[in-house]
Amino acid sequence: MRAGTELAGRYRLERLLGRGGMGEVWRGVDQTLDRPVAIKLLRTGLLGDDRLHDAALARFRREGKAAARLNHRNITAVHDFGEHRETRDGVETTFPFLVLEFVRGRDLRSVLDEHPGGLPVERVLDYGAQAADALAAAHAAGVVHRDVKPANLMLLDDGTIKICDFGIARLRGATAGLSATGAVIGTLLYMPPEQLEGRPVDHRADLYAFGATLYHLLTGRPVFSAADLRVLAYMHATRTPDPPSTLRPGIAPDVDRLVGALLAKLPERRPASAADVAHSLRTAGHRPSSGSRTVGIDLGTTGSVVAVLQGGRPTVVAGAEGSRATPSVVAFAGNGEVLVGEAARRQAVTDAERTIRSVARHLGGGATIEIDGRTFTAQQITAFVLRKLVRDAEAYLGERVTDAVISVPACYGETRRQALREAAALAGLTVPRVIAAPDAAAMAYGLDRDEENVLVLDLGGGTLDVSLIEVGDGVAVVRATAGDPRLGGDDWDRCVVEELVRRFMDAQGVDLSVDEVAMERLREAAERAKIELSTREEAVISLPYVAASAGGPLHVDERLTRAAFQRLTAGLLERCRAPFQRVFEDAEAGPADLDRVVLLGGSTRMPAVIDLVKELTGKEPCRGVDPDEAVAAGAALQAGVLRGEVKDVLLLEVTPLPLGIETEGGVFTRIIERNTTIPTKRREYFTTAEDDQPSVQIHVYQGEHEFAASNSKLATLELTGLPPVPRGVPQIEVAFDIDANGIVNVSAEDLGTGERRSVTVSSGSPSWPTAEALLPAQT
């Protein structure tokens with residue numbers, strides 16, 4: 001090919017810029033628009049084996065189409081894709097080409113030549129964050145670059161980074177080397193082990209190459225270097241590199257950790273996404289200032305607690321009212337003031353209709369309440385509680401609080417967890433991790449002990465959780481968890497209230513259930529009686545002037561024995577058995593395998609609950625953990641882990657409920673089972689249920705029921721443009737990816753066309769009508 005030769009009658013080659021394994025790159029001119037362009041022309045002869053031509057030609061066509069899907073400020077744009085026919089020695093050969101945006105700048109490999117010890121760290125973090133943004137956009141479009149390296153990062157004069165050369169990019173799927181010879185296309189200095197071995201790769205392959213690129217930019221040296229390519233490949237597959245800071249002092253520890261995570265040999269141990277990497281790079285090397293703190297919050301149904309880490313140990317913060325627990329109650333005063341905590345609970349008696357309690361039970365359920373003509377969601381009400389806790393912590397610390405690790409009941413599904421994150425955002429908080437309450441308690445219990453199997457029962461105001469956790473040597477591994485999201489201390493109170501209403505009706509002929517003020521007084525009295533009966537055999541319930549009649553005021557004056565209380569609530573206690581049995585079954589363990597039993601939540605102080613625990617476990621519950629404060633303390637410890645203040649601690653949680661999709665007949669097909677350790681990734685293959693089906697909608701659910709409609713719907717993805725083929729022919733890969741924080745990412749790809757869609761589950765995920773059904777694929 002000579003300069004001046006036209007390609008497809010429109011693009012004129014002017015100057016050869018360079019050659020690579022897959023072809024040549026030319027500076028050219030778009031003669032129609034009169035603008036400079038870069039033209040990548042495939043020249044299979046450069047591969048040294050003409051037998052690769054047909055395979056490479058087909059491959060380049062697919063890759064060109066993949067690259068043309070991308071549109072991002074940090075990616076060199078693909079303007080066009082075509083084919084050039086050239087005749088040599090009487091033989092006509094077809095060469096495909098890509099027409100790219102012409103970037104006036106320098107690649108980072110040439111910039112490195114001027115900085116043999118590595119680029120300034122701040123510049124590497126900035127350039128890396130921009131490049132990670134570009135990779136995140138490519139991956140979201142289903143494209144894997146497969147050749148990330150400094151030479152493919154272009155630096156513009158204004159400091160903008162553009163990632164270029166998607167010449168060997170592929171849609172996600174089978175991305176092994178050219179099958180004709182088993183050759184692997186890419187750059188060995190930066191290539192991940194799975195790509196070196198010719199195995200299929202996904203977006204995490206790009207993250208390894210990106211980690212190798214960051215390493216080179218930071219230190220001025222490749223991760224590994226060897227003249228023999230076989231030795232180089234072996235080192236990438238087996239050797240762990242020295243941290244960048246050992247080669248260049250001054251690099252922050254979190255930068256070392258990030259690069260190390262990117263260079264993990266197993267793809268599943270690398271960061272979950274390029275977007276996560278971009279965020280880490282933008283915050284890397286910068287510890288939160290002394291004026292910004294992270295706290296641990298136990299957001300309870302009836303009461304909430306906040307704790308901070310001081311001197312490596314958690315401290316529970318007392319609120320402005322002096323109590324270490326804040327009632328999870330929000331009230332709206334007549335003057336428009338929003339009251340939270342004790343002040344709100346006091347107003348409940350006089351203005352019950354403007355007071356909201358136990359709102360955590362409604363998170364993620366779409367519940368709303370109207371006050372003074374304004375409609376509030378459960379997330380907004382929860383945000384008021386979180387703001388109160390943060391203000392108390394800031395007053396105690398004398399510092400600003402911006403982040404919080406927040407606990408939730410272990411049985412909470414993804415919809416509720418996402419709703420909690422939304423509430424935190426409304427409160428101005430960033431939530432680096434949501435942690436299950438029993439798991440937080442296990443951290444507070446102590447990970448420095450000898451290895452133990454600890455059963456944690458968490459019975460709070462609104463939920464019941466039972467978890468079996470292995471703790472010891474700085475590690476907590478959740479083996480199984482089960483619970484009831486609709487069973488808590490509020491239900492014991494309700495039984496007492498119903499009994500008092502019945503007795504009053506029998507004695508006075510007045511129905512107190514229609515009087516909201518009277519019912520609020522009964523609820524408070526029932527809670528006090530429940531607490532009193534935990535230490536005494538009888539409680540006196542006295543409420544003067546609870547109602548009025550023609551003969552004068554009426555009063556409640558009753559006695560409730562512990563035996564009567566336990567008879568009233570026997571059905572609730574019976575419901576506590578099932579989670580114990582399920583945890584033992586899922587963990588393949590029994591009472592004999594337990595070393596300790598830990599109780600959480602004020603409702604575990606009830607003697608009947610303690611007796612049930614002894615019956616089911618054969619153990620006396622541990623008395624060394626405060627049932628009201630352990631969860632917040634554990635959340636604060638986890639916050640310390642995330643900030644680097646607590647070392648050598650690892651918590652591995654599980655997904656509490658099965659995740660899957662709706663298939664033909666409305667059946668819920670599970671892809672991830674409950675009690676699967678996270679982070680995790682699972683994939684299954686499905687096909688169409690009808691002939692010539694043009695599209696499929698994939699409905700994502702979470703729950704235990706056999707039929708999808710009875711479970712919680714999380715999201716919907718739609719794949720369009722399916723070819724008109726008989727039912728059962730398309731192969732559709734559905735993948736679930738859950739990160740350590742429980743964030744669920746779902747993707748679906750038609751392996752035939754490369755069409756791909758993905759979604760991150762959130763509380764605002766849309767609700768769609770019933771999908772066109774999918775059938776499980778035959779494998």
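Me: Buried means under 20% relative accessible area, exposed means over 50%, and partly exposed lies in between, with a 1.4 Å probe and protein chains only. With that scale in hand, is Asp 586 buried, partly exposed or exposed?

Reply: Before reading any value, keep in mind that this is a predicted model, in which local features need pLDDT of at least 70 and side-chain atom pairs count only at pLDDT 80 or more, while totals for chains, interfaces and linings use all residues. Residues are numbered from 1 along each chain as its sequence is written, and side-chain values use heavy atoms, with hydrogens and water left out. Asp 586 is partly exposed, because its relative accessibility is 29%.

Me: Which residue forms a salt bridge with Asp 586?

Reply: In general, side chains of opposite charge can pair when their charged atoms come close. A salt bridge is counted here when a side-chain nitrogen of Lys or Arg is within 4 Å of a carboxyl oxygen of Asp or Glu. Asp 586 pairs in this way with Arg 674, and their closest N and O atoms are 2.7 Å apart. This pair links distant parts of the chain, 88 residues apart, since Asp 586 belongs to helix 18 (residues 577–587) and Arg 674 to the loop between strand 32 (667–672) and strand 33 (676–677). Helices (H or I, at least four residues) and strands (E, at least two) are DSSP runs, numbered from the N terminus. Arg 674 counts as buried, because its relative accessibility is 18%.

Me: What other salt bridge does Arg 674 make, and with which side chain?

Reply: The side chain of Arg 674 also meets that of Glu 704 in a salt bridge, at 3.2 Å from N to O. Here too distant parts of the chain are linked, 30 residues apart, with Glu 704 placed in the loop between strand 35 and strand 36 (712–719). Glu 704 is partly exposed at 26% relative accessibility. Through shared partners, salt bridges join Arg 582, Asp 586, Arg 670, Glu 673, Arg 674 and Glu 704 into one network.

Me: How many salt bridges does the structure hold, and which parts does the pair of Glu 452 and Arg 596 tie together?

Reply: The structure holds 46 salt bridges. In the one between Glu 452 and Arg 596, the closest N and O atoms are 3.6 Å apart. Glu 452 lies in strand 23 (residues 452–459) and Arg 596 in strand 28 (residues 596–600), so the pair ties together parts that are 144 residues apart in sequence. Glu 452 is buried, with a relative accessible area of 13%, whereas Arg 596 is partly exposed at 36%.

Me: How can I read burial for a whole helix, and how many residues of helix 13 are buried?

Reply: The idea is to go through the helix residue by residue. Helix 13 (residues 437–445) is largely enclosed by the rest of the structure, because eight of its nine residues are buried. The buried ones are Ala 437, Pro 438, Asp 439, Ala 440, Ala 441, Ala 442, Met 443 and Tyr 445.

Me: Is Gln 693 buried or exposed, and which backbone nitrogen does its side chain reach?

Reply: Gln 693 occupies the loop between strand 34 (680–688) and strand 35 (696–702), and it is buried, with a relative accessible area of 3%. Its side chain reaches the backbone nitrogen of Ala 689 at 3.3 Å.

Note on methods: A polar contact is a pair of N or O atoms within 3.5 Å; within protein, one must be able to donate a hydrogen and the other to accept it, and residues adjacent in sequence count only if both atoms are side-chain atoms.
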